[in-house]
Amino acid sequence: MSEKSLTISCCRTHLRCAPVRRKAKRYVGEMIVRILMLLILISATSAAAEDFTGSWSIVYPQNGIEQHDDYFELYLIQQGNEICGLHFGSARGSAKIDSSFGSEPSPTVSGEVEKNMARIEINSSQSVAPIDGVFVHHGVFGSWRVNDPGKDRPITIPASAELKSVPPVDLGSIDLKELCAQ
């Protein structure tokens, strides 16, 4: 017999090796428990939904004939897994403006949140049908994508964009929480 097989057969039969085997089994058992606890912790933290509340914006510098900046902005409030808010979009150097900040503002953005993704519907003043899209939260950035970019999408709402979380914007006399509570 080789030396290795003697060691194995020796450890399985000698009483002096039994405590070492028990310690090894206990160590493996403890490691499995630790790994399972770590996996549970990771899954619990990844299942938590991101909070979409805040102002999100992208600037398209100097577009159009007038060479003005164009914007696409979302002002959102998240309550549970529901999203409500306002939007603002401009195109062609601000020659086209799509805004929900009229004399009687009403929410133009609504949707549902699942983890870090929100399915959003925007009611644009530039479109008869609502614009359906997906907004994915990536910390201080968010990825916006229209579900069907060719379907009656006004140019004030981009087909896709990387929006940045910006400091709270003064909406004047509009109280977004109150507006969304109606």
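**Pocket and aromatic rings**

Analyst: About 170 Å³ of space lies in the largest pocket, where a pocket is, on a 1 Å grid over the protein atoms alone, an open set of points where a 1.4 Å probe fits, with protein on both sides within 12 Å along at least five of seven lines; the volume is the space filled by probe spheres set on the points. This is a predicted model, in which local features need pLDDT of at least 70 and side-chain atom pairs pLDDT 80 or more, while totals for chains, interfaces and linings use all residues. Residues are numbered from 1 along each chain, and side-chain values use heavy atoms, without hydrogens and water.

User: Which element gives the largest share of the lining of the largest pocket?

Analyst: Lining residues have an atom within 4 Å of a point, and strands are DSSP runs (E) of at least two residues. With 3 residues, the largest share comes from β2.

User: How are the planes of Phe 52 and Phe 135 set, stacked or tilted?

Analyst: Rings pair if their centres lie within 6.5 Å, and planes under 30 degrees apart count as stacked, over 60 as edge-to-face and the rest as tilted. The centres here are 5.7 Å apart and the planes stand at 55°, so the pair is tilted.

User: Is Phe 135 buried or exposed?

Analyst: Buried means under 20% relative accessible area and exposed over 50%, with a 1.4 Å probe and protein chains only. Phe 135 has 0% relative accessibility, so this residue counts as buried.

User: Which residues form one aromatic cluster?

Analyst: The rings of Trp 56 and Phe 135 have centres 5.1 Å apart and planes at 85°, so this pair is edge-to-face. The one cluster is formed by Phe 52, Trp 56 and Phe 135.

Key
Helix = DSSP H or I, 4+ residues; strand = E, 2+ residues; numbered from the N terminus. Phe/Tyr/Trp six-rings, centres within 6.5 Å; stacked < 30°, edge-to-face > 60°.
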